[in-house]
Amino acid sequence: MEGQDEVSAREQHFHSQVRESTICFLLFAILYIVSYFIITRYKRKSDEQEDEDAIVNRISLFLSTFTLAVSAGAVLLLPFSIISNEILLSFPQNYYIQWLNGSLIHGLWNLASLFSNLCLFVLMPFAFFFLESEGFAGLKKGIRARILETLVMLLLLALLILGIVWVASALIDNDAASMESLYDLWEFYLPYLYSCISLMGCLLLLLCTPVGLSRMFTVMGQLLVKPTILEDLDEQIYIITLEEEALQRRLNGLSSSVEYNIMELEQELENVKTLKTKLERRKKASAWERNLVYPAVMVLLLIETSISVLLVACNILCLLVDETAMPKGTRGPGIGNASLSTFGFVGAALEIILIFYLMVSSVVGFYSLRFFGNFTPKKDDTTMTKIIGNCVSILVLSSALPVMSRTLGITRFDLLGDFGRFNWLGNFYIVLSYNLLFAIVTTLCLVRKFTSAVREELFKALGLHKLHLPNTSRDSETAKTSVNGHQKAL
């Protein structure tokens, strides 16, 4: 009987492993297909040749798609775990959700950590060096020569990073035990290196997310149709049509030798056409879309931002009085045993919405920063090198998202796998400083955003606008259409 029970237990364990592997494969396949369509939408079509470079581009494309799929999985990791915990609490004995268990959730966290390390330290450097390689001098040109050069560059890069991390660890923690542990490549070195990358990603999120939270109002204002208050759209469309015709006549009358004037007029004509398209869209929009959707979306964004700042403020108070509020504090009751939100399923849904909102805001803020402004991908006109850079940036942001959400107190779900092993998560001063900086910077960005119009009027009243003070809060759309005074004429 004992032998039969042991065989039955092994068979059950085998079937559960096969089921979990199949579920993970199906989820990743869906993410990979979606990522492939996203990248091919932005990839430059001129890169498609039928030669050696085409093979290199295709390999780099597959590796970039894999990295983007891993990034999407890291973003969905925490929301999927939160909603799974609530489902297991609501339907503990349901036959159709037996596949959803703690083993599957832990497996997904471990796979996300493993693939993030693989993409960050192996696949993406390989794709970049492989794309830029030409083969060593004296060797026969071809794919093998480029692979050889890429492997040598990867080896040199690994030695460089190994030395930097080893020296940094020696300077920060000059202890014999810590020095010896660095020789353990798999158990200590890679998690330690990923912990440093995670800290850099959280600092990048600390910079991007507050900017993105204030920028989201401008982005949604550009996507939605604003209410028409004391505006005559027919008159504006008529004026812009006359201006478009005048520019077209001037462009047709110039000779091809005046190249500079032709390029300037073409850019001016493109701006006028863009403005005309937006005015026609505003005219065709229904009254419900103009007067209800836009205010509702703006109020919703304001509520979500306020709740995020409020939760961070509450988390600061909890950190001061309760040590279990630390991200690396005591372990929770486990998946499916207790709800981690005070308001149950509604609270879990709110946490998921806020997590996605923070991720979208961080991406918007990342591309809004001046340093990363040229990084923005363009439809059908993005090189593979820029695609690789964007995939690495999104991977760093998405991998740090669960850590940031837990550090800020957006959710109480414990970080599983290697995500909960980061050393800096147990440092009280780092966690408290992170929360304080996020709350202060977000508040300052929002105040600056909503007081920009008042500041502009004050500058005009005091005559300071004649000094041409920089005003970065103005929309890029307005900056484009105000060239040559077209927007002012309207």
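Colleague: Is S398 buried or exposed?
Modeller: This is a predicted model, where local features need pLDDT of at least 70, side-chain atom pairs count only at pLDDT 80 or more, and totals for chains, interfaces and linings use all residues. Residues are numbered from 1 along each chain as its sequence is written, and side-chain values use heavy atoms, leaving out hydrogens and water. Buried means under 20% relative accessible area, exposed over 50%, partly exposed in between (1.4 Å probe, protein chains only). S398 has a relative accessible area of 0%, so S398 is buried.

Colleague: Which residue has its backbone oxygen 3.5 Å from a polar atom of the S398 side chain?
Modeller: S398 sits in helix α11 (residues 384-407). Setting aside neighbours within four places in sequence, S398 is in contact (heavy atoms within 4.5 Å) with S71, A74, V75 and M359. The backbone oxygen lying 3.5 Å from a polar atom of the S398 side chain belongs to S71.

Colleague: How many disulfides does a search of the whole structure find?
Modeller: A disulfide needs a pair of cysteine sulfur atoms within 2.5 Å. Take C314, which is partly exposed at 39% relative accessible area: the closest cysteine sulfur, in C318, is 6.8 Å from the sulfur of C314, so that is too far for a bond. C24, for its part, is buried at 13%. Across the whole structure, the number of disulfides found is zero.

Colleague: And F136, where does that lie?
Modeller: F136 counts as partly exposed, because its relative accessibility is 33%. As for its place, F136 is in the loop between α3 (102-132) and α4 (143-172).

Conventions: Helices (H or I, at least four residues) and strands (E, at least two) are DSSP runs, numbered from the N terminus. A polar contact is a pair of N or O atoms within 3.5 Å; within protein, one must be able to donate a hydrogen and the other to accept it, and residues adjacent in sequence count only if both atoms are side-chain atoms.
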